[in-house]
Amino acid sequence: MSELTPQEIVEELDKYIIGQNNAKRKVAIALRNRWRRQQLSDALRDEVMPKNIIMIGPTGVGKTEIARRLSKLADAPFVKVEASKFTEVGYVGRDCESMIRELTEVAIGMVRAEVEKELEETARRTAESRLLDLLLPPQSRGPQRIYRPGDPHAGDEAPAPAPVDDSEARTRELLRRKLAAGELDDREIEVDVRETGKTSMMQVFSNSGLEEMGVNVQEMFGRLMPQRTKRRKTTVAEARKILEREELDNLIDMDVVVKNAVARTENSGIVFLDEIDKIAGRGTGGHGPDVSREGVQRDILPIVEGSTVTTKYGPVKTDHILFIAAGAFHMTKVSDLIPELQGRFPIRVELDSLEAKDFVRILQEPKNSLIKQYQAMLATEEVTLEFGGGAVEALAQIAERVNQETENIGARRLHTVMEFLLEDISFDATKRKGETIHLDAAEVEQRLRHIMENRDLSKYIL
């Protein structure tokens, strides 16, 4: 659990997300409250429920990015799901409980990766010893003749001890040094590999939806069938990876991994429910598609409220999982959700629409800003890209104007504008090695002028 203060959480979010200070404060408090809950006594800890958040704002203003960055700060399992892909029980579609199964899978992967990191050195040493055995098989000593005084064929005295031959040890040490230096990576050897391919029967069962019910079909059949190996000819470098993976599988105690992952899911998991406005009714009297929308809300309600979901790793309680919902709410309002579901999202925050001044900051300030990304990618072709003379401001104004005249997709518009602006440069980069390309406001407007002037064309290109 992260021990960052709310101020530190906001500072970290500021490195990647411009503006939206109100939303950042809300999620920072929610994350800090998780740490505070862990410090309480056992009796009181179970009584403190997470304060779920609902974000309201148009697309492309940073709703998903805030939730994703928050989960990374907390090192918490995170899953993003679209509420619109779920359907009411009885209809064809995905079961709402599948979001918790996905979250548990993410937690299993996180915990397993942490355990692998701790054990990778042990696995590497063991795999290296197995590789040396393949490169230099141990010599068989053969049956030793034992001296027995009562045996007339044994002679009068015990056989002289064989001279100590340390040539094998010296050769093995020499191979070990070459192996560590990578000098043997291209040599071909034969190695026994475990067969992990699914049988056709497993494929049939797996595709029938049993996985959604929490049944691990492959593992079930794997326990019934004996483990088989197959001899493969491969390079030493590839064999090292295969053997290290096998040793890691042998060292990892999956029971401990599952136990820790389920605990992390229950206490630290974050579910981002996107497009929740798509399942809100429009007050049409409860007929047509609104019936199904309300049914989805009622299926989601017990999960958000706190229930136990059956997964292939065992039961997972959702009482303390943090749910962050988001939606544009252009055609509907939060009040169109059923009252019970509204009550489970007590914190509501409205995100601001982005303007040209925000686009200027988004293009320049974040650690992963678009300009830095394109400069780094063109640098791989030995092309230097520079923005000056009001180029960034011109880009921001064009993005704002296109959003106003076509569809407002927020900061995502910057991707389309940047890609069209740099299309020719990216295409010819291999021929322009060593060049420095300087873009100013006039160059930006000249490259995008004919798209901007043709409004019908800009609907399809920008």
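## Salt bridges within helices

The side chains of R45 and D42 come together in a salt bridge, at 3.3 Å from N to O; the term stands for a side-chain nitrogen of Lys or Arg within 4 Å of a carboxyl oxygen of Asp or Glu. Both residues belong to helix 3 (residues 42–45), 3 residues apart, about one turn of the helix. R45 is partly exposed at 22% relative accessible area, while D42 is exposed at 57% (buried is under 20%, exposed over 50%, partly exposed in between, with a 1.4 Å probe and protein chains only).

Helix 4 (residues 63–74) holds R68 and E65, also 3 residues apart, and their side chains form a salt bridge at 3.9 Å, N to O. R68 is partly exposed at 31%, and E65 is partly exposed at 25%.

## About the model

This is a predicted model, where local features need pLDDT of at least 70 and side-chain atom pairs pLDDT 80 or more, while totals for chains, interfaces and linings use all residues. Numbering starts from 1 along each chain as its sequence is written, and side-chain values use heavy atoms, leaving out hydrogens and water.

In total, the structure holds 25 salt bridges. One of them pairs R361 with E365 at 3.1 Å, N to O; R361 is partly exposed at 35%, and E365 is partly exposed at 44%. Shared partners also link R112, E116, R245 and D249 into one salt-bridge network.

Notes: Helix = DSSP H or I, 4+ residues; strand = E, 2+ residues; numbered from the N terminus.
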